[in-house]
Amino acid sequence: WFQGQKLKLPPGCDYEFQMQYGSIGWSVGAVLGYSLAQREKHKRVIAMIGDGSFQMSAQEVSTMIRHGADPIIFLINNQGYAIEVEIHDGPYNR
């Protein structure tokens, strides 16, 4: 995810990512909010979301559909709660 900071985006494009590791699940709700806010500007949101984070708030996809949001979501299967493995000692998803 940190490599996203090195993306060379066209003028007018924004880049957001969750920096605080304690906020697993933040991304799906954030994509919903960004999608609704950018709709008036005719911009589309693209998201890369890990499978563990997605599981925390997957129900927000139904809200996106209900409100006509059309983000592009890349769901990355990185074998579970990868950030939890990094910050906590324990056998997550093994």
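These are my notebook entries on a predicted model of one chain.

**Ground rules**

I number residues from 1 along each chain as its sequence is written. Because the model is predicted, I take local features only at pLDDT of at least 70 and side-chain atom pairs only at pLDDT 80 or more, while totals for chains, interfaces and linings use all residues, and side-chain values use heavy atoms, with hydrogens and water left out.

**Confidence**

I looked up pLDDT, the predictor's confidence in each residue, from 0 to 100. The chain averages 80, and 74% of the residues score at least 70. By element, H3 comes out highest with 95, and helix H4 (residues 82–87) lowest with a mean of 64.

**Layout**

I took helices (H or I, at least four residues) and strands (E, at least two) as DSSP runs, numbered from the N terminus. I find four helices and two strands, and reading along the sequence gives α-β-α-α-β-α.

For contacts I used heavy atoms within 4.5 Å. Of the contacts between residues at least 6 apart in sequence, 68% join residues at least 24 apart.

For burial I used relative accessible area: buried is under 20%, exposed is over 50%, and partly exposed is in between (1.4 Å probe, protein chains only). Buried residues are 26% of the 94 in the chain. Accessible areas are Shrake-Rupley values with a 1.4 Å probe, and for residues only the protein chains shown count as cover. The chain total is about 6,900 Å², with 55% of that belonging to carbon and sulfur atoms.

**Helix H1**

The 13 residues of H1 should span 18 Å, and the end C-alpha atoms are 18 Å apart, so the two agree.

Which residues of H1 are buried? I get Ser27, Val28, Ala30, Val31, Leu32, Ser35 and Gln38. The buried residues of H1 pack against E1, H2 and H3.

I followed Trp26, which lies in H1 and counts as partly exposed at 34% relative accessibility. The C-alpha atoms of Trp26 and Ser57 are 7.9 Å apart, though 31 residues separate the two along the chain.

Then Ser53, in helix H2 (residues 51–57). Ser53 is buried, with a relative accessible area of 15%. What does Ser53 contact, leaving aside neighbours within four places in sequence? I find Ile24, Gly25, Trp26 and Ser27.

**The salt bridge**

I looked for salt bridges, meaning a side-chain nitrogen of Lys or Arg within 4 Å of a carboxyl oxygen of Asp or Glu. The structure holds one. Arg44 pairs with Asp70, and their closest N and O atoms are 3.7 Å apart. Arg44 sits in the loop between helix H1 (26–38) and strand E1 (46–50), and Asp70 in the loop between helix H3 (60–66) and strand E2 (72–76), so the pair ties together parts that are 26 residues apart in sequence. On accessibility, Arg44 is exposed at 51%, whereas Asp70 is partly exposed at 43%.

**His42**

The loop between H1 and E1 also holds His42. Phi of His42 is near 60°, a positive value in a residue other than glycine. I jotted down that most residues other than glycine have a negative phi. Is His42 buried or exposed? His42 is exposed, at 75% relative accessibility.

**Nonpolar patch**

My patch rule takes residues with over 30% relative accessible area and no salt bridge, joining like charges within 9 Å and nonpolar side chains (Val, Leu, Ile, Met, Phe, Trp, Tyr) within 5 Å. Ile46, Met48, Ile72, Phe74 and Ile76 make a nonpolar surface patch of about 450 Å². E1 and E2 are the elements giving two or more residues to the nonpolar patch. E2 gives the most, with three residues.

Definitions and conventions
Expected span 1.5 Å × (residues − 1).
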